[in-house]
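Subject: Structure for you to look at, with notes

Dear colleague,

I am passing on the structure we spoke about, and below it you will find my notes on what I found. Please read them with the structure open beside you.

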Amino acid sequence: MSCFSCCLSEEKVNKGSTRKSTQDGRDGRDARTIASSFANSFANLSFKSDSSRRRYIAGEISKYGKASISAQFFSFKELSAATQNFDPQSMVGEGGFGRVYKGHLESKNMDVAVKQLDRNGFQGNREFLVEVLMLSLLHHSNLVNLVGYCSDADQRILVYEYMANGSLEDHLLDIGQKKPLDWKTRMKIAKGAAKGLEYLHDIASPPVIFRDFKASNILLDEDFNPKLSDFGLAKLGPTGQLTAKSDVYSFGVVFLEMITGRRVIDKSRPSEEQNLVTWAQPYFRDKRKFHMMVDPLLENQYPKKGLHQALAVAAMCLQDEDSTRPYINDVVSALEFLCDTDGKDEGVLSPESSMAEGRN
Ligand SMILES: Nc1ncnc2c1ncn2[C@@H]1O[C@H](COP(=O)(O)OP(=O)(O)OP(=O)(O)O)[C@@H](O)[C@H]1O
Ligand SMILES: [Mg+2]
């Protein structure tokens with residue numbers, strides 16, 4: 001029995017249930033000899049923990065030395081010039097790792113996001129270079145591309161492609177005067193974000209657990225295509241037993257935020273509404289109330305079947321038991337189906353078979 005029998009044929013789910021190769025991924029990598037030889041050398045190794053993996057990588061890097069990855073190295077001077085000396089006016093955001101500035105690299109004639117990491121967060125130069133190397137191995141159209149880095153003196157700076165529309169959080173939760181995202185765009189963003197996670201879980205080798213999947217880490221380009229950021233900074237994230245299925249849960253949380261326009265924790269709401277997942281449970285069980293969950297900013301502009309399917313996906317991802325949550329590739333298949341059929345009559349959700357409604 002598939003996870004999403006409510007909205008997918010068995011065949012479609014099974015299509016997604018083995019490890020897939022995609023058009024994206026390693027093909028897109030440029031000729032970074034060190035990176036590929038490094039990748040080949042540990043692609044088939046498994047590691048007990050992130051720290052043992054990092055120790056191994058650090059050892060590998062020390063064999064090559066910093067000079068070998070200098071292709072993406074930027075001097076502090078160049079990044080200062082790109083950001084007008086890290087002018088507060090160029091700052092586009094600030095998170096747990098440090099400040100983010102918009103910059104322009106004259107040498108490449110491109111806009112970039114320059115993330116100046118809080119120096120307390122990283123233990124040393126080598127560890128920073130390990131992270132850079134790990135990030136530079138990961139390429140997918142739904143991941144923000146790492147353009148380069150700077151490790152001059154005690155600086156720890158990452159340079160990413162610039163995402164013109166900022167984060168999903170800016171367009172969903174901190175919306176201000178911006179135009180609300182329509183239903184179709186929300187589903188497109190959910191699908192792309194799931195594909196980015198699928199790449200990290202199923203294609204990257206060794207697999208990468210995101211750990212901090214949230215709306216502010218889903219960035220949007222000029223056409224509102226989503227790209228995930230900060231997946232490589234996981235070691236500074238929460239500790240504990242986090243697995244690919246914890247990422248699936250986090251995906252469910254963000255997807256529910258996208259449907260409802262509500263923050264996962266919102267202290268400004270009445271106490272029974274402050275925790276989004278708790279608030280949603282009784283609604284999940286009663287399809288007559290599904291419409292009450294929808295973001296009022298959508299002004300009732302959404303396909304009814306699409307809503308049922310989306311809530312079914314969210315509810316599955318939010319199962320308490322991680323073993324009953326779907327794998328991310330099943331989520332991708334469900335969302336591909338949802339995006340293909342949204343607004344058309346052939347949506348196949350039947351109320352009786354809805355997993356969301358069937359939960360109790
Ligand atoms: N590549 C980028 N292009 C454009 N804007 C970006 C880019 N990276 C980050 N930003 C902006 O900077 C903000 C802060 O990002 P940052 O990753 O530092 O913090 P966060 O995502 O809120 O929290 P965390 O540190 O936990 O990831 C983002 O919400 C986004 O608006
Ligand atoms: Mg972030």
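Around ligand 1 there are 22 residues, of which Gly93, Gly95, Gly96, Ala113 and Ser216 come nearest; a residue is taken as near a molecule or strand if its C-beta atom, placed from the backbone, lies within 6 Å of it. Strand S1 (91-95) and helix H6 (168-172) each supply at least two residues of this shell around ligand 1, and S1 gives the most, with four residues. Helices (H or I, at least four residues) and strands (E, at least two) are DSSP runs, numbered from the N terminus. By class, the shell around ligand 1 holds nine nonpolar, eight polar and five charged residues, where Ala, Val, Leu, Ile, Met, Phe, Trp, Tyr, Cys and Pro count as nonpolar, Asp, Glu, Lys and Arg as charged, and the others, Gly among them, as polar.

Before you go further, please note that this is a predicted model, in which local features need pLDDT of at least 70 and side-chain atom pairs count only at pLDDT 80 or more, while totals for chains, interfaces and linings use all residues. Residues are numbered from 1 along each chain as its sequence is written, and chains are lettered from A and ligands numbered from 1 in the order in which they are written.

The secondary structure of the protein chain comes to 12 helices and seven strands. Of its 360 residues, 41% are buried, a residue being buried if 20 or more other C-beta atoms lie within 10 Å of its own, exposed if 12 or fewer, and partly exposed in between, with C-beta atoms placed from the backbone. The largest nonpolar core has 82 residues, and those with the most contacts inside it are Phe251, Phe255, Leu311, Val313, Ala314 and Val331. Helix H7 (residues 183-203) gives the most to this core, with 10 residues. Such a core is a set of buried Ala, Val, Leu, Ile, Met, Phe, Trp, Tyr and Cys residues joined through C-beta atoms within 7 Å. H7 itself has 18 of its 21 residues buried, so it is largely enclosed by the rest of the structure.

Lys115 may interest you, since the unreviewed UniProt entry lists it under "binding site", although UniProt annotations may be inferred rather than shown by experiment, and its positions are given in the numbering used here, with feature names shortened. Lys115 lies in strand S3 (residues 110-117) and counts as buried because it has 24 C-beta neighbours inside 10 Å. Not counting residues up to four places away in sequence, Lys115 touches Phe97, Gly98, Val100, Ile157, Leu158 and Tyr160, contact meaning that the C-beta atoms of two residues, placed from the backbone, lie within 7 Å.

Some backbone details also deserve a look. The peptide bond from Ser205 to Pro206 is cis, with omega near 0°, and Pro206 is found in the loop between H7 and strand S6 (218-220). Ala153 has a positive phi of about 45° although it is not a glycine; Ala153 lies in the loop between strand S4 (146-150) and strand S5 (157-161), and is exposed, with 8 other C-beta atoms within 10 Å. Phe224 also has a positive phi, near 65°, in a residue other than glycine, and it is partly exposed, with 17 other C-beta atoms within 10 Å.

With best wishes
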